[in-house]
Amino acid sequence: MFLDDPKTRKALTKWAVGTVAACILIFLGVRYVSAIAMAIEWLVGLVKPLLIGTILAMILNVPLAFIEKHLFRKNPTPKKEKARRPLAILLALVLVIGVFVGIAVLVIPELTGAVSIVISSVTGALDKMVVLESSGDFAQLPFAPYLEKLDIDWLTMKTQLENWMQQLSSTVLGSTASALGSAASSLIDGLVAFVFCIYVLANKETLARQIGRLARAWLPARLTNTMSHVFHVCADVFQQFIVGQTTEAVILGTLCGIGMAILRIPYAPMVGALVGVTALIPYVGAFLATIVGAFMILTVNPFKALVFVIYLLALQQVEGNLIYPKVVGAKINLPAMWVLAAITIGGNLAGPIGMLLGVPAASAAYALLREATENREKTLSQTISE
């Protein structure tokens, strides 16, 4: 009988124990799902600064590696070798922070001015309609016969608009004050995350070696090898995504700015830079830039705003079908359907950062699952053939 074989009994026992343990864990997970969720939330909050610092280090490591590779290549000396890493970290920080601060300085004042122009234009038009309504003279306006038939209280509409703008301003000010208070309370976490990020970047080789020693000393060899493989796949996919997405964003922003300059569309440098930065968020970012750019151009020249929308939509088609597959798609090798799913889920979980990190995370999971599936298929085919 097959149970007489000790190896068979051992394998069957392990399978039975594993099945029972899995069933118990599933039952406990379903039964105490709220408690588990609270425990996970507490744990994430506890290590949140370290998680943020690790994510920042992963992002900054891409320009850091490039800068460090090309820094002091000629005539290296011991002093230069010692100063290479700190100087590369400083240059990477200046580069990333400078880009976002520069875009904010370019866009926010112009966007505020565009909103002011729109508000003043609307209120001015309503003032004119109030005067014409009181005089009963609509003849100087287009569609005068239709306007005379409309029963609209323009003064009430203007008053309601002004009240709505005041409420909106109060809401924005309240939200800003709340955000500043929250930012002040989170300042310590931000400092801890920043310091941890710098430490990780400065000692990344030492940290990798220490983690490897701990894993080999305390975990089974098979599990250690699997974890090491997963880590390297994730790190490689993330680096390839950041490099490809940044390259694609620079190309798209440059083409947008050049095309706007040729078509004599206002705000060409600023909108081009905005398109380039928002393009770091795959698929969704360029549409956000289209809305903001069209709104700003609309305050200057409505026809040019229409031209801008048509041009950018055409450019996005070229980018989506030619540039993105060549620059980014070939690197992350993730189908468009799963890219959109990763952006949606990541955005719901962590906002813009989740939208940015969701794609490389999904790409790494896709690559690992595909690799595991291929290995499983090979094993099954070998078993069938035998």
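**Exercise 1.** Which residues are linked in a network of salt bridges?

*Solution.* The model is a predicted one, in which local features need pLDDT of at least 70 and side-chain atom pairs count only at pLDDT 80 or more, while totals for chains, interfaces and linings use all residues. Residues are numbered from 1 along each chain as its sequence is written, and side-chain values use heavy atoms, with hydrogens and water left out.

Step 1. Apply the criterion for a salt bridge, namely a side-chain nitrogen of Lys or Arg within 4 Å of a carboxyl oxygen of Asp or Glu; the structure holds 3 of them.

Step 2. Glu205 lies in helix 8 (residues 204-218) and Arg85 in helix 4, so the pair ties together parts that are 120 residues apart in sequence.

Step 3. The network therefore consists of Glu68, Arg85 and Glu205.

**Exercise 2.** Determine whether Arg85 and Glu205 are buried, partly exposed or exposed.

*Solution.* Step 1. Buried means under 20% relative accessible area, exposed over 50%, and partly exposed in between (1.4 Å probe, protein chains only).

Step 1. Arg85, with a relative accessible area of 14%, is buried, whereas Glu205, at 43%, is partly exposed.

Methods
Helix = DSSP H or I, 4+ residues; strand = E, 2+ residues; numbered from the N terminus.
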